Amino acid sequence: MDVEYTGRQTTITKKLKSQAEEGVEAIAKIVGNSGSVHVILSTDKYRQIAEVTVQTRHQKMVARCEATDMIVALHDALAKIEQQAIRHKKRYGTIKRHPKSDLKGAAAEVAGAPVVRKTTAVKAAAKSSVGRKAVPMLVHSFPSHSPLAEPHVVRSNDSVALRPMSIEEAVKEAAFRDREVFVFRDHAGQAMVLYRKRDGKMELIEVP
């Protein structure tokens, strides 16, 4: 991956570059080498801020961390990006495959029809009734059941705002970070939660 560095009131040393390249190498093992990385290191009074943006062909990942030491802030930002990459790969990288013998059954389940399988006794009766009068047959139907996926829980601080912001700012920040749930406080200190529903609309929840 191509790595671009930007320093704002901060000198980007060889040690910081080496640390960033090691983190990017670990991330590239998950998402591949095609893409670009932008590392922004800045100093605001006594705060050291590291922001890492990884742009691949299929996704954009952003992490911003603060600490009193730049090495710690950069380490935390790279770790967050790596967690996002793992979560994205688990969410979209698993492909369900069906054996060839079950293709017809799978198609019937998708159409909402139960899969019908005849017992051995019924098949024998059907063969013996060739050329004779139709005889009622007993057919067993087995309803389809979709297994429940095991939930995967990942701890992350990327869905929490680090500073008070308005609702409009929170909506933009949630879209920028690609978060379905975003927690923030308004300028009055009220805790709020933004939640993206299935229809794409954002729902605002005020925490009592």
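How many bridges pair E8 with strand E9, and in which sense? The answer is five, with E8 and E9 (residues 202–206) pairing in the antiparallel sense. Two strands count as paired if DSSP finds at least two bridges between them. Strands themselves are DSSP runs of E with at least two residues, helices are runs of H or I with at least four, and both are numbered from the N terminus. Arg196 sits opposite Met202 in E9. This hairpin has five residues between its strands, and Gly200 takes a positive phi near 95° there.

E8 also pairs with E7, again antiparallel and over five bridges. Here Val183 faces Val193 in E8. Five residues lie between the strands of the E7 and E8 hairpin, where Gly189 has a positive phi near 90°.

**What you're looking at**

This is a predicted model: local features need pLDDT of at least 70, side-chain atom pairs count only at pLDDT 80 or more, and totals for chains, interfaces and linings use all residues. Residues are numbered from 1 along each chain as its sequence is written, and side-chain values use heavy atoms, leaving out hydrogens and water.

**The four-stranded sheet**

Now for the open sheet: four strands in the order E1-E2-E3-E4, with mixed pairing. Strand E1 (2–8) and E4 are the edges, each pairing on one side only. From one strand to the next, the twist averages 10°.

E3 (residues 47–55) and E4 run antiparallel and are joined by eight bridges, and Glu51 stands opposite Arg64 in E4. H2 packs on the sheet, touching strand E2 (36–44), E3 and E4; contact means heavy atoms within 4.5 Å. The direction of H2 makes about 150° with that of E4 (axes are lines fitted to C-alpha atoms, for helices over the stretch in contact, and angles run from 0 to 180 degrees between N-to-C directions).

**The largest pocket**

The largest pocket holds about 670 Å³ of space, a volume being the space filled by probe spheres set on grid points joined across faces, edges and corners. Its lining has 21 residues, and the closest to the centre are Arg87, Arg91, Asp178, Arg179 and Glu180. On a 1 Å grid over the protein atoms alone, a pocket is an open set of points where a 1.4 Å probe fits, with protein on both sides within 12 Å along at least five of seven lines; lining residues have an atom within 4 Å of a point.

H2 gives the most to this lining, with five residues. Domain 1 (2–95) and domain 2 (160–206) each supply at least three lining residues.

Note on methods: Domains from an automatic or database assignment.
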